[in-house]
Amino acid sequence: MSETLQTTDVAASDADLLAQTAIAVREAGSALRERFGEVVRYRTREELMRALAANDDTALDVLRPRLTRLRPDAGWVEDELDGGALPPGEWWVVDPTEGNVNHLHALPEWAVTATLVRENQPVLTAVHLPLTGETYTALTGAGAHLDGRPLHVSRTADLGLSIVATSQARPDEDEKVVRRVGSSITAMLFDALVVRAAVPATLHLLNVAAGRIDAFWQFAGARADLLPGALLVTEAGGRISDAEGRPWTPQSQSFLAAAPGVHAEAVSTLSR
């Protein structure tokens, strides 16, 4: 999915940029943590959307000026439901509150993510989990890390011994996609040891990169959901493809990240 950077100067520049990006997502996470703790009640979809936007705005007030200063000419993407290819050049792909609904419900599974994409390839990413204080980072050609410690995907070689995960279809998803999600979970229930289904996608992908679970799949999906984890898993030694085993791009209609030893089995199960 990604290529090693070609010059020492560029690599050094990107390494410094990643360090500054990690600081930015930690600062945004601190702002969101101050808002966390009580369940936010809403009675209508409009009230829900306002509550989600309030969280996102809190994080963006930190992220946008800091990341813009780091790369003034880079484009900016913050719609977590957007998909497909980006125009040429550099782009910040940001999910200011990944797992925003969980945050509103006082559940711990949420994060702040920022990924720099260059010519449609993720170059660096930083994902911060404010409640644990953990920061996951990856830089093309330089590996994936958790608070500076190298990450490596699982060495499991049997899907029947594997923990696998998926997330649900996004709101207002096409019925065919929703049914495909359901049938894929059923197939994995037969073939895998444990199947986990929850949002957000990024947290599952962190676990794949760290070797805690062995595979994650998703149908459809959005850039902000998948790009951070895709780079982390790749740099941790995992395999990325679509659900049929073909090379994955942001235009793909499915996504699979897995330890190399179970990737082929996972493709076979999802293709049934």
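Start by selecting Asn120, which sits in the loop between S3 and S4. You're looking at a predicted model, so keep that in mind as you click around. Check the backbone here: Asn120 isn't a glycine, yet its phi is positive, at about 65°. Is Asn120 buried, exposed or partly exposed? Its relative accessibility is 23%, so it counts as partly exposed, given that buried means under 20% and exposed means over 50%.

Colour the strands and follow them across: seven of them make an open sheet, ordered S1-S2-S3-S4-S5-S6-S7, with mixed pairing. Which strands are at the edges? Pick out S1 (75-77) and S7 (149-150), each of which pairs on one side only.

For a landmark, show the side chains of Val77 and Val93: Val77 stands opposite Val93, and the latter belongs to S2.

Time for the helices. Select residues 201-209 to bring up helix H5, which packs on the sheet. What does H5 touch there? Its contacts are with S2, S3 (111-118), S4 (121-129) and S5 (134-139). Line H5 up against S4 and you'll find their directions make about 100°.

How many of the residues of H5 are buried? Nine of the nine are, so the helix is largely enclosed by the rest of the structure.

Have a look at both ends of H5 while you're here. On the way in, select Val199 and Pro200: the peptide bond joining them is cis, with omega about 5°. Pro200 lies in the loop between strand S9 (194-197) and H5. On the way out, go to Gly211, which follows H5 and has a positive phi, near 80°.

For the last stop, select residues 223-235, helix H6. H6 lies across S1, S2, S3, S4, S5 and S6 (143-146). Compare its direction with S4 and you'll get an angle of about 100°.

Technical notes:
Residues numbered from 1 in each chain as written. Predicted model: local features only at pLDDT ≥ 70, side-chain atom pairs only at ≥ 80, totals over all residues. Heavy atoms only, no water. Pairing = 2+ DSSP bridges. Helix = DSSP H or I, 4+ residues; strand = E, 2+ residues; numbered from the N terminus. Contact = heavy atoms within 4.5 Å. Axes fitted to C-alpha atoms, helices over the stretch in contact; angles between N-to-C directions. Buried < 20%, exposed > 50% of the residue type's maximum accessible area, 1.4 Å probe, protein only.
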